[in-house]
Amino acid sequence: QVQLVESGGGLVQAGGSLRLSCAASGRTFSSYAMGWFRQAPGKEREFVAAASRSGDSTYYVDSVKGRFTISKASAKNTAYLQMNSLKPEDTAVYYCAAALSFLQSEVLLTTRRYNYWGQGTQVTVSS
C-alpha cells in the first residue's frame, strides 16, 4: 500500500515556474513507476508526464515537452514535477500516481495503469 501526498501548487503568472512534490509512504518507493496527470474543469483527466521506477526513462505529453521535468528521488520517497514557462492552459488540478513496476525502464501513460493516487494540488496560471 502506498499513500501519496502532493504539494507545491499555487497561483503563478504566465511564464513563471512551480515545482510540485509527491511524497510517498512505504519503503519500496524505488519499485514504483510514477506519473503526473492533470484535470481542468469540465475536462477529463489527462496524462502529463511519467517516469520509470529507476527514474531513467521519462515521457511527456507534447504540450509540456521542454517546459516540464519529472524526476524521482527514491532516497526521499518523493517525486517531482518541475514546471517552467507556465501557460494559462496549464491551469488544472495536478495529481501524482504510482504503480508497482517490475521493469526498470517502463513508463506508464494511462490512468488505468496506476493503482495509487494523491489528492491533487491546484495550479492556476494567470495571463
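Visitor: Which residue does a disulfide join to C22?
Guide: This is a predicted model, in which local features need pLDDT of at least 70 and side-chain atom pairs count only at pLDDT 80 or more, while totals for chains, interfaces and linings use all residues. Residues are numbered from 1 along each chain as its sequence is written, and side-chain values use heavy atoms, with hydrogens and water left out. A search of the whole structure finds one disulfide, the term being used for a pair of cysteine sulfur atoms within 2.5 Å. With an S to S distance of 2.0 Å, the residue joined to C22 is C96.

Visitor: What is the torsion about the S-S bond of C22 and C96?
Guide: C22 lies in strand β3 and C96 in strand β9, so the pair ties together parts that are 74 residues apart in sequence; strands here are DSSP runs of E with at least two residues, helices are runs of H or I with at least four, and both are numbered from the N terminus. C22 counts as buried at 0% relative accessibility, as does C96 at 0%, where buried means under 20% relative accessible area, exposed over 50% and partly exposed in between, with a 1.4 Å probe and protein chains only. The disulfide is right-handed because the torsion is about 60°.

Visitor: In what order do four strands form an open sheet?
Guide: Two strands are taken to pair if DSSP finds at least two bridges between them, and β1 (residues 4-7) meets β3 (residues 18-24) over four bridges in the antiparallel sense. The edge strands, each pairing on one side only, are β1 and β7 (68-73). With antiparallel pairing, the order is β1-β3-β8-β7.

Visitor: Which residues have the most contacts inside the largest nonpolar core?
Guide: A nonpolar core is a set of buried Ala, Val, Leu, Ile, Met, Phe, Trp, Tyr and Cys residues joined through side-chain atoms within 4.5 Å, and the largest has 30 residues. Strands that each supply at least two residues of this core include β3, β4 (32-39), β9 (92-100) and β11. Apart from it lies another core of eight residues, among them A50 and Y114. Inside the largest core, the residues with the most contacts are L4, W36, L81, M83 and Y94.

Visitor: What is the phi of S85?
Guide: N77, in the loop between β7 and β8, has a positive phi of about 50° although it is not a glycine, and N77 counts as buried because its relative accessibility is 18%. S85 lies in the loop between β8 and β9 and counts as partly exposed at 40% relative accessibility. Although S85 is not a glycine, its phi is positive, at about 50°.

Visitor: With which residues is Q119 in contact, leaving aside its neighbours within four places in sequence?
Guide: Q119 is found in the loop between β10 (116-117) and β11 (121-126), and it counts as partly exposed because its relative accessibility is 47%. Contact means heavy atoms within 4.5 Å. With those neighbours left aside, the residues in contact with Q119 are L4, V5, E6 and Y95.
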